[in-house]
Amino acid sequence: KGLKYISSEPPFAPEFLSGTDVLKNMTVQFVAPASKLTSSLFIMTRSNGFFLYNMTSHSIAKWGMDALQKLSAKYHFYSVEVLSDGYALGTLLNGMYILDTSGVVVSHLSRESGIPDKTIWSIDHDNGVITSTTDNGLAIIPYPSAIHTVTENSGFEGSINEILLLN
């Protein structure tokens, strides 16, 4: 529970990050740099939505529009990738959401829009391409263009749970 760091000096005990008291009773699902330009962290909790933590001022604030907070209460967000102009969020039951930097939902990608499954296990982004793993294959999205998939129909069998793009 909460957001902790490990001290770099003995006894190397976990300590709560200064200014994150609001997270003490929450399950933190994911932490990532908010962008390459700021000293902020993007924090996703299991059932309490999203937060931005400023590492300089040690302040934390709820992040995202009301619609996004309502989505986070309804769908379990599982994976996050920081994009140059926002975030890609994967869910366990409702595909992928693309958000702008203020938390507005720009796009919702689902089975209906062409991704192979409603569960997104992991997301990676490189050179304008979002790649996500699902129970039924890969979704390759030259964002913001069309979706390409790798599934049983293209010779792949099995569940893909993680991806790392290498150049």
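**Entry 1: a pair of strands**

How do strand 5 and strand 6 pair, and over how many bridges? I looked this up and found that strand 5 (residues 50–54) and strand 6 pair in the antiparallel sense, over five bridges. A note to myself: two strands count as paired if DSSP finds at least two bridges between them. Strands are DSSP runs of E with at least two residues, helices are runs of H or I with at least four, and both are numbered from the N terminus. Within this pair, I saw L52 standing opposite A61 of strand 6.

**Entry 2: what I am looking at**

This is a predicted model, in which local features need pLDDT of at least 70, side-chain atom pairs count only at pLDDT 80 or more, and totals for chains, interfaces and linings use all residues. Residues are numbered from 1 along each chain as its sequence is written, and side-chain values use heavy atoms, with hydrogens and water left out.

I counted one helix and 14 strands in the protein chain. Buried residues (under 20% relative accessible area, with a 1.4 Å probe and protein chains only; exposed is over 50%, partly exposed in between) make up 40% of its 167 residues.

A reminder from class: strands of a sheet pair through backbone hydrogen bonds.

**Entry 3: the cores**

Next I looked for nonpolar cores, meaning sets of buried Ala, Val, Leu, Ile, Met, Phe, Trp, Tyr and Cys residues joined through side-chain atoms within 4.5 Å. The largest has 14 residues, and F42, F50, W63, L68, F77 and L89 touch the most other members. Strand 4 (40–45), helix 1 (66–74), strand 7 (77–83), strand 8 (86–91) and strand 9 (96–100) each give two or more residues to this core.

I picked L68 and listed its contacts (heavy atoms within 4.5 Å). Leaving aside neighbours within four places in sequence, L68 touches F50, W63, F77, L89, L99 and G103. I also found a second, separate core of 11 residues, including I98, L109, I115 and I141.

**Entry 4: one serine**

Is S132 buried or exposed? S132 counts as buried because its relative accessibility is 0%. I found S132 in strand 12 (residues 129–134). Beyond its neighbours within four places in sequence, S132 is in contact with M96, I120, S122, I123, G137, L138 and A139.
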